[in-house]
Amino acid sequence: MEFLTTFVNGLSLGGIYAMIALGYTMVYGIAKMLNFAHGDIIMVGGYTISLFLGANPIVAILASMIFCMLLGVVVEKVAYKPLRGASPLAVLITAIGVSYLLQSIAQMLFGSAPKFIVIADLGILKIGELAIGYSTIITLACSVVVMVALSLFVKFSKTGRAMVAVSEDKGAAQLMGINVNRIIMITFAIGSALAALASVFFLLKAPTMSPTFGSLPGIKAFTAAVIGGIGSIPGAMIGGLLLGVIECFAQAVPAISPYTDAIEFSILIILLLVKPSGLLGKMRREKV
Amino acid sequence: MAESKKLYAEDGREIIIKTDHLCIQFGGLKAVDDVNLEIKQGELYGLIGPNGAGKTTVFNLLTGVYKPTYGKVYLCGENLTGKAPAEVNKKGIARTFQNIRLFNNLTVIENVMVGLANQIPCSVFTSVVRLPGHKKSEAEFYEKALEILKVFKLDEFKDYLAANLPYGKQRKLEIARAMATNPKLLLLDEPAAGMNPNETQELMDTITFIREKYNITILLIEHDMRLVGGICEKLTVLNFGTELAKGETSEVLANPEVIKAYIGE
């Protein structure tokens, strides 16, 4: 029974990681950059919810998603777009800069002490010996819906196909009439909205938010994206779920639970030694 | 708009593409120097020349990949100089590539559907929320793409990944994808490169066929002299970025200067 509970909790946590990892992987696939400020969007999403909580929680969540969407687009326009064509290192450093900027702004506005943000207290579902939080179930269900919807969007829509086309060959896509800047903007918007949604589920799990909250989940989701093969959408989903399950099982065993994070990152290192392109990533063969 | 006045040749046919003293310089190297093309509606025009003569650079200038150092590009009298590639494509220039650049992770039909993107309206919001309009436009994309694949006799391969098509078919699919953007001018960059004689013949038939079916103007770069002599009406020969000769195909190919540039003395 305890095994099953841990497994469901793991899948649920993995669903959150997958949602964040999707943002990393889509941006990497399409704009060919690592957006290290992505994790901080989660934090911004969390604080935004707290501002709207007086109203209906659903309204607060939607408001937060829309705000993060706009923030993602603005960050891309202001910080990353001028660097298109610059060296990847310059873009990477800029992303880290944006990350610190967002953290500092949050610290100025909300203070550095953790803030309690209770969206809703959902209680626990008990079936016999099995006890699972309703929030866990909702998280799992929502993340499955999001993943299915995103997969359908990418596979069966004009914009989705354009995204695949741009990720594969930006030049050829442009010459087929695709506005690459617009596709990159849409990618940032979707990724940031998913990060905001992820913050909702984190708050349901543990209702506190701090300015540096986004760092660890951000890095873990990035790890998940790399495990799955960065640039691959199904890869990010599998990587996220895998990492969530591993984390919950590691935490469930008292002997190894203090080393949970270390175990997760070690798995990344081992996997990269065995399969450098990640689980579903494709090896790029250089033509000579 | 003084600049988008249609141009007509002496025989009354519309001039589709015109370049005016087109030049581009990379550092000290003049890759293309004073190229003046003038191609009439429905013409099949060839751009030939030895390796490194600047043929593909001319294509990149026409499609907005490079901005010319000097000179202008007019499509149906409209000045396209300096426009971004996506914009140039919307105005009506489509192209294929010397080394095939299909979207390999998409299927054959999806490649054509990408080309159709600007032909059928559908907003992102409609697709994300999956409003009824989304399903309708997707069906329209599929139907139109299938129609195009049938013209190119690729419909039986529609669900293959583009990467898994045989080489000759990939070349054909590139032309189909370009045609999906509904161009006025089609640029073909060495369409017969790496093809065997059978495939080349099939390609010549395809080019002749789409030209008649869509009444489209075509500019092609080619090294295969059998193909050039067989289907091109007019030629421009480039050598070291400048025009060496131009005119009717048979005259140009008999020009001693051209033979010298290609074969040497």
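**View 1. Two helices of chain B lie roughly parallel.** Helices α6(B) and α7(B) run roughly parallel to each other, a label that goes to angles under 35 degrees. This is a predicted model, in which local features need pLDDT of at least 70 and side-chain atom pairs count only at pLDDT 80 or more, while totals for chains, interfaces and linings use all residues. As for labels, residues are numbered from 1 along each chain as its sequence is written, and chains are lettered from A and ligands numbered from 1 in the order in which they are written. The axes of α6 (residues 167-180) and α7 (residues 197-214) of chain B come within 10 Å and cross at roughly 15 degrees. Here helices are DSSP runs of H or I with at least four residues, strands are runs of E with at least two, and both are numbered from the N terminus. Axes are lines fitted to C-alpha atoms, for helices over the stretch in contact, and angles run from 0 to 180 degrees between N-to-C directions.

**View 2. Here's where those two helices touch.** From α6(B) come B:G168, B:R171, B:K172, B:I175 and B:M179, and they meet B:E199, B:E202, B:L203, B:T206 and B:I210 of α7(B). "Contact" is meant as C-beta atoms, placed from the backbone, within 7 Å. Sorted by class, that contact has four nonpolar, two polar and four charged residues. Nonpolar covers Ala, Val, Leu, Ile, Met, Phe, Trp, Tyr, Cys and Pro; charged covers Asp, Glu, Lys and Arg; the others, Gly among them, are polar.

**View 3. Six strands of chain B make an open sheet.** Read across, the order is β7-β8-β9-β4-β10-β11, with mixed pairing. Strands count as paired if DSSP finds at least two bridges between them. β7 (93-95) and β11 (242-248) of chain B sit at the edges with a single partner strand each, so one side of each has no neighbour in the sheet. From one strand to the next, the twist averages 20 degrees. Within the sheet, β4 (residues 44-48) and β10 (residues 234-239) of chain B pair in the parallel sense over four bridges, and B:L47 stands opposite B:T236. Helix α10 (residues 256-263) of chain B lies across β10 and β11, running at about 130 degrees to β11(B).

**View 4. Strand β1 of chain B has several antiparallel partners.** Four bridges join β1(B) to β2(B), with B:L22 opposite B:V35. Strand β5 (residues 70-75) of chain B pairs with β1(B) over five bridges, and there B:T19 faces B:V73. Three bridges link β1(B) to β3 (residues 38-40) of chain B, where B:I15 stands opposite B:K40.

**View 5. Zoom in on B:G27, in a loop of chain B.** This glycine lies between β1 (15-26) and β2 (29-35) of chain B. The hairpin has two residues between its strands, and B:G27 takes a positive phi near 60 degrees.

**View 6. Chain A meets chain B.** The contact takes 19 residues from chain A and 27 residues from chain B. On the chain A side, α6 (158-168) and α7 (170-175) each supply at least two residues. α6(A) gives the most, with seven residues. The chain A side divides into ten nonpolar, five polar and four charged residues.

Definitions and conventions
Angles under 35 degrees count as roughly parallel, over 145 as roughly antiparallel, 65 to 115 as roughly perpendicular and the rest as oblique.
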